[in-house]
Every structure is written in C-alpha cells, then in structure tokens.
Amino acid sequence: MVSDLSARLSAIVDTLPLRPGLRVLEIGCGPGAAAREVAARVGPAGSVLGIDRSERAVASAQRAAGGLPNLIFRCVAVEQFDRAADEPLFDLAFAVRVGVLDGRHPRQQAEALRRIRAALVPGGQLFVDGVRTG
C-alpha cells in the first residue's frame, strides 16, 4: 500500500467499500495520494480517475502517479465534469473536503451531484468525507 497517506486520508480510504475490479472516481484529488492508494486496492482490473479543478494539483498528481496503469487524472471542476465518450460508468465516487459539496453553494452543489449521479452505475455510491451519501 502507499505510505504517503495522512492518518485522516488513510481512515477515509479505509471506510470505502473497495474491492478488486471497481471503477472509482475521486473528486478533488489534490496531489493524488488517496487516488494512488485506491488504485493499489482496486488492482489492475479496476481503475481510478482523479479530478480536480486545480491545474497545479493535477500536475502534481500526475508526477506522483508512479506509472500506475489503472490511474489517470483530469483537470475539471466536478460541476463541469462529464465522462469521456469511451469511459464506462463508475462504481463508486468519493470526495474529501470539496467545497462545492459542503452545502455553502446550493446551485453548484446541485449541478455537481447531478453530474456525479450521471457518472455512476445504477446503485453506485458517493462518499463525502468518508460518509456514504447515496
């Protein structure tokens, strides 16, 4: 497993119902530490897409990805996120300290949630700060 996780991130990743083969979307991936750990846990049959609105964060995440073939990053705000045409739906999405999902911006939050739902398989789950929300 990846050793650069903080105790807080480690605890959050530990709450996710991860298993080999899952497709996972991380919203607000920052430098990608949690995404790397999740990619290791879902294994080569699974995949992780980390998104962040910050170009700097995504560049940092890409540099630190360590060649994991099942991990990619994209610079996009969640309220503007659309899956690529050839991208399958995600089984699970998670976000840690993502401002647009904290209730302070209801319109942007509604749009973000709509886009997350559209990216998940039927019955797919969203976890925000380690808590299942849907």
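User: What does UniProt list for residues 24-124?

Analyst: The unreviewed UniProt entry gives "domain: Methyltransferase" for residues 24-124; such annotations may be inferred rather than shown by experiment. This is a predicted model, in which local features need pLDDT of at least 70 and side-chain atom pairs count only at pLDDT 80 or more, while totals for chains, interfaces and linings use all residues. Residues are numbered from 1 along each chain as its sequence is written, and side-chain values use heavy atoms, without hydrogens and water.

User: Why is strand β1 called largely enclosed by the rest of the structure?

Analyst: Buried means under 20% relative accessible area (1.4 Å probe, protein chains only). Five of the five residues of β1 (residues 23-27) are buried, so the strand is largely enclosed. Arg23, Leu25 and Ile27 point one way, Val24 and Glu26 the other. Strands here are DSSP E runs of at least two residues, and helices H or I runs of at least four.

User: What makes β1 and β2 a pair?

Analyst: Pairing requires at least two DSSP bridges between two strands. β1 and β2 (residues 47-52) have five and run parallel, so they pair by that definition. Val24 has Val48 as its bridge partner in β2.

User: What joins β1 to β4?

Analyst: Four bridges join β1 to β4 (residues 90-95), in the parallel sense. Ile27 is partnered with Ala95 of β4.

User: Why is the β1, α2, β2 unit called right-handed?

Analyst: With the strands pointing away from the viewer, a path from the first strand over the helix to the second that runs clockwise is called right-handed. The β-α-β unit of β1, α2 (residues 33-42) and β2 has that hand.

Note on methods: Buried < 20%, exposed > 50% of the residue type's maximum accessible area, 1.4 Å probe, protein only.
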